[in-house]
Amino acid sequence: MTSRPDNQQAAPAHPESGHAAPAEAASAYLTAFYTADFEAARALLAEDFSFHGPFVQVRGRDPFLDSAAGLTPVVRGHRLLRQWADGAEVCSWYDLDLETPVKSGSVTMSEWHTVREGKLVSGRVVFDAAAFRAFLPPQ
C-alpha cells in the first residue's frame with residue numbers, strides 16, 4: 001500500500017500497460033471533476049461507472065455526470081489532504097471548497113475509487129451531509 005500527502009506526485013503510468021497508475025487516475029479525475037472539466041472527468045470514467053454517495057446512487061458514466069451538474073455553481077475546488085493506494089483501490093481524503101449565497105467554506109470528504117486500465121469503475125464518497133446542507137438555503 002502506498003500513501004502520499006498532497007504535496008507529492010502520484011505514481012507514473014505503469015510501463016507494462018501504458019495506463020495511468022490508480023492514484024494518478026483518481027487524482028486527475030478529482031481535479032477535473034472539481035474544476036468542472038466534465039469532458040476530462042468523463043474520459044477517466046468507465047462507461048459502466050457506479051457511484052454511491054449520501055445524495056446520489058447511480059450506475060453509468062453519463063447519468064453520474066448529469067447528476068453532478070448542479071454542483072458547478074457552488075464548487076470552488078478541492079484540496080487533497082491525503083491519498084492511499086492499494087493495488088486498484090484508491091482512497092482520497094480532501095476538503096471540498098464551496099461558495100453559496102448562504103456561506104463559504106469547506107466540507108471534508110473521503111472518496112474511495114476502484115481503477116481498472118486507467119479508468120475509474122466505481123466511486124463511493126462519504127462526508128457529513130448535515131455540514132454540506134448548511135451551505136444550502138432552507139427549503
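**Exercise 1. Secondary structure**

Task: State how many helices and strands the protein chain has, and give their pattern along the sequence.

Solution. Step 1: In this predicted model, the protein chain has 4 helices and 7 strands. Step 2: Read along the sequence, these elements follow the pattern β-α-α-β-β-α-β-β-β-β-α.

**Exercise 2. Confidence and burial**

Task: What is the mean pLDDT of the protein chain, and where does pLDDT stay under 50?

Solution. Step 1: The mean pLDDT is 90, and 88% of the residues reach 70 or more. Step 2: Over residues 6–13 the pLDDT stays under 50. For this stretch the model has 16 contacts beyond four places in sequence.

Task: What percentage of the residues count as buried, and what share of the contacts with a separation of 6 or more comes from residues 24 or more positions apart?

Solution. Step 1: The protein chain has 139 residues, of which 41% count as buried. Step 2: Among contacts with a separation of 6 or more, 48% are between residues 24 or more positions apart.

**Exercise 3. Pairing of β4, β5 and β6**

Task: Describe how strand β5 is joined to β4 and to β6.

Solution. Step 1: Strand β4 covers residues 75–86 and strand β5 covers residues 89–99. These two strands run antiparallel and are joined by 10 bridges. Step 2: Two residue pairs can be located on this pairing. His78 stands opposite Leu96 in β5, and Asp86 stands opposite Glu89 in β5. Step 3: β4 and β5 form a hairpin with 2 residues between them. Gly87 lies in the turn and has a positive phi of about 65°.

Step 4: Strand β6 covers residues 104–116. β5 and β6 also run antiparallel, with 11 bridges joining them. Val90 stands opposite His113 in β6. Step 5: The hairpin formed by β5 and β6 has 4 residues between the strands.

**Exercise 4. Asp95**

Task: Is Asp95 buried or exposed, and which side chain does the side chain of Asp95 meet in a polar contact?

Solution. Step 1: Asp95 is located in strand β5. Step 2: The relative accessible area of Asp95 is 12%. The cut-off for buried is under 20%, so Asp95 is buried. Step 3: The side chain of Asp95 makes a polar contact with the side chain of Thr108, at 2.6 Å. Step 4: Leaving out residues up to four places away in sequence, Asp95 touches Gly77, His78, Arg79, Leu81, Ser106, Val107 and Thr108.

**Exercise 5. Aromatic pairs around Phe33**

Task: How many aromatic pairs does the structure hold, and what kind of pair does Phe33 form with Phe38 and with Phe64?

Solution. Step 1: The structure holds 11 aromatic pairs. Step 2: One of them is formed by Phe33 and Phe38, with 5.7 Å centre to centre and 75° between the planes. An angle over 60 degrees counts as edge-to-face, so the pair of Phe33 and Phe38 is edge-to-face. Step 3: Phe33 and Phe64 also form a pair, with 5.7 Å centre to centre and 20° between the planes. An angle under 30 degrees counts as stacked, so this pair is stacked. Step 4: The pair of Phe33 and Phe64 links distant parts of the chain. Phe33 is in helix α1 (residues 22–34) and Phe64 is in helix α3 (residues 61–68), 31 residues apart.

Step 5: Phe33 has a relative accessible area of 8% and is buried. Phe64, at 3%, is buried too. Phe38, at 22%, counts as partly exposed. Step 6: One aromatic cluster is made up of Tyr29, Phe33, Tyr34, Phe38, Phe49, Phe51, Phe64 and Tyr94.

**Exercise 6. Two charged residues**

Task: Over which ring does the charged end of Lys103 sit, and in which helix is Asp62 found?

Solution. Step 1: The charged end of Lys103 sits over the ring of Phe135, 4.7 Å from the ring centre. Step 2: Asp62 is found in helix α3. At 35% relative accessibility, Asp62 counts as partly exposed. Step 3: Asp62 and Phe49 are 13 residues apart along the chain, and their C-alpha atoms are separated by 8.8 Å.

Notes
Residues numbered from 1 in each chain as written. Predicted model: local features only at pLDDT ≥ 70, side-chain atom pairs only at ≥ 80, totals over all residues. Heavy atoms only, no water. pLDDT = per-residue confidence, 0-100. Contact = heavy atoms within 4.5 Å. Pairing = 2+ DSSP bridges. Phe/Tyr/Trp six-rings, centres within 6.5 Å; stacked < 30°, edge-to-face > 60°. Buried < 20%, exposed > 50% of the residue type's maximum accessible area, 1.4 Å probe, protein only. Lys NZ or Arg CZ within 6 Å of the ring centre and 35° of its normal. Polar contact = N/O pair within 3.5 Å; in protein donor to acceptor, adjacent residues only side chain to side chain.
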